[in-house]
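Hello,

Here is the structure I promised to pass on to you.

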Amino acid sequence: MLFSILIPVYNVEKYLEDCLNSILKQSEKDFEIILCDDCSTDESGAICDLAAQNYPSIIRTMHNHENCGLLMTRRKLFQEARGEWILCVDSDDLLADHALEKLKTVITNTATDMVIYDLRCIHLDGTEEIFAPNLETGKLYAGGEKNRIYVTIFDNRYLNSLSTKTYRRKLVDVAENYTDYASLKIGEDLFQSFPLFDKAESIYYLHEELYLYRKNEGGMTNAGKFDLYDMRKILWDREDYYLKKWNLSDGTLNKAYDRRVREIIGYLRNGTEKLGKEWFDKRSEQIVSDGYLALAVYRSKVGLKYGLYSELVLQRKFKLFRALSGLESTILKLKYRRKHKTV
């Protein structure tokens, strides 16, 4: 079997049939579809079962006994895959027409371990946006040239999505125990993409929109509330491992840690605005103790504003931090009103 198409499912009864139809109508037929319902509270689970009943030779369905989240659900799907190549498709998204046929052509004509392709984002208002990495189309990146792929990962995070790449099943270490990472509910795709990029001996870029991403605020990726900082620490640890292993340039390191500073400060600003001093004191104490912010400031070129925010956090200066945050928010609101002022 050529392709295993893995679909985690959670509360997508409005979109799931469209997703499945976009795959079933592919001109290339050498594939299986594996669905895993993560305890949906709507009719998604029933739709999965009916699909498996209607297409028993193509579709298999699993049901989690408890809600596991996207990361652990995908791990289960990886373990069940039988195809030589893996595609991850979100249950509210679509594959473009002839996507599998085009991928088969690349796979047949090259010795690549992974194929990267473009994504078309369909927003809720019907507008569309194309996402493509800054890579040379039709190029096989291998050996030292893989460094360009590594740099692109940290340039814009486009390559983090598991849905914009297909890769040989042998790249996935299904035996690796992810239990310690089960709480990760943001950045799951990037977390799992790092080892795939690392193990692939060659990576091919196809400049075509093969994946249609439907912006859905109720989807599996957006489900639930969680502490963003505690989640990101899991991702940052893996990120640091590969930054060191790949021995990337100072410029790439600066970008990675610059983003980290902004994420931490944004998290503290939002939380402080909603929850006040007691929350700030507790979280800033933890952040200072963890050392992630101090390391990121040291290795980044984050600029005056975020440098000042960071110093106020490291010194635990709540009043000054809150005042600076309030001033910035006021300035942004004034700019917005001025821009949208009607004559």
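Below is what turned up, grouped by region.

First, the conventions. This is a predicted model, in which local features need pLDDT of at least 70 and side-chain atom pairs count only at pLDDT 80 or more, while totals for chains, interfaces and linings use all residues. Residues are numbered from 1 along each chain as its sequence is written, and side-chain values use heavy atoms, with hydrogens and water left out.

Helices (H or I, at least four residues) and strands (E, at least two) are DSSP runs, numbered from the N terminus. Strand S1 (3-9) is mostly covered, with seven of its seven residues buried; buried means under 20% relative accessible area, exposed over 50%, and partly exposed in between, with a 1.4 Å probe and protein chains only. Phe-3, Ile-5, Ile-7 and Val-9 point one way from S1, while Ser-4, Leu-6 and Pro-8 point the other way.

Two strands pair if DSSP finds at least two bridges between them. S1 pairs with S2 in the parallel sense over seven bridges, and S1 also pairs with S4 in the parallel sense, over four bridges. Ser-4 takes part in both pairings: Ser-4 stands opposite Glu-32 in S2 and opposite Ile-86 in S4.

Strand S4 (residues 85-88) has Trp-85 and Leu-87 pointing one way and Ile-86 and Cys-88 the other, and all are buried. S4 pairs with strand S9 (residues 165-168) too, in the antiparallel sense over three bridges. Within S9, Arg-168 is the bridge partner of Trp-85.

**Helix H1**

Helix H1 (residues 16-24) has Leu-16, Cys-19, Leu-20, Ser-22, Ile-23 and Leu-24 as its buried residues. An α-helix has 3.6 residues a turn, so residues three or four places apart point the same way. What covers these residues of H1 includes strand S1, strand S2 (31-37), helix H2 (44-54), strand S3 (59-63) and strand S5 (94-95).

**The cavity**

How many cavities of 30 Å³ or more does the structure hold? There is one, and the largest cavity has a volume of about 90 Å³. For the method: on a 1 Å grid over the protein atoms alone, a cavity is a set of points where a 1.4 Å probe fits but cannot get out, and lining residues have an atom within 4 Å of a point. Grid points are joined across faces, edges and corners, and the volume is the space filled by probe spheres set on the points.

The lining consists of Arg-75, Phe-78, Leu-162, Leu-171, Val-172, Asp-173, Glu-176, Tyr-178, Gln-192, Pro-195, Leu-196 and Lys-199. The elements that give two or more residues to this lining are helix H3 (69-80) and helix H6 (188-199), and the largest share, four residues, comes from H6. By class, the lining has seven nonpolar, one polar and four charged residues. Here Ala, Val, Leu, Ile, Met, Phe, Trp, Tyr, Cys and Pro count as nonpolar, Asp, Glu, Lys and Arg as charged, and the others, Gly among them, as polar.

**Lys-139**

Lys-139 lies in the loop between strand S7 (128-131) and strand S8 (140-142). The side chains of Lys-139 and Glu-145 are joined by a polar contact of 3.0 Å. That term covers a pair of N or O atoms within 3.5 Å; within protein, one must be able to donate a hydrogen and the other to accept it, and residues adjacent in sequence count only if both atoms are side-chain atoms. Leaving aside neighbours within four places in sequence, Lys-139 is in contact (heavy atoms within 4.5 Å) with Glu-145, Ile-203, Tyr-204 and Tyr-205.

Met-231 lies in helix H7 (residues 228-246) and is buried, with a relative accessible area of 8%.

Asn-247 is found in the loop between H7 and helix H8 (250-290) and is exposed, with a relative accessible area of 66%. Arg-316 is found in the loop between helix H10 (304-314) and helix H11 (318-339) and counts as partly exposed, at 34% relative accessibility.

Best wishes

Notes: On a 1 Å grid over the protein atoms alone, a cavity is a set of points where a 1.4 Å probe fits but cannot get out, and a pocket is an open set with protein on both sides within 12 Å along at least five of seven lines; lining residues have an atom within 4 Å of a point.
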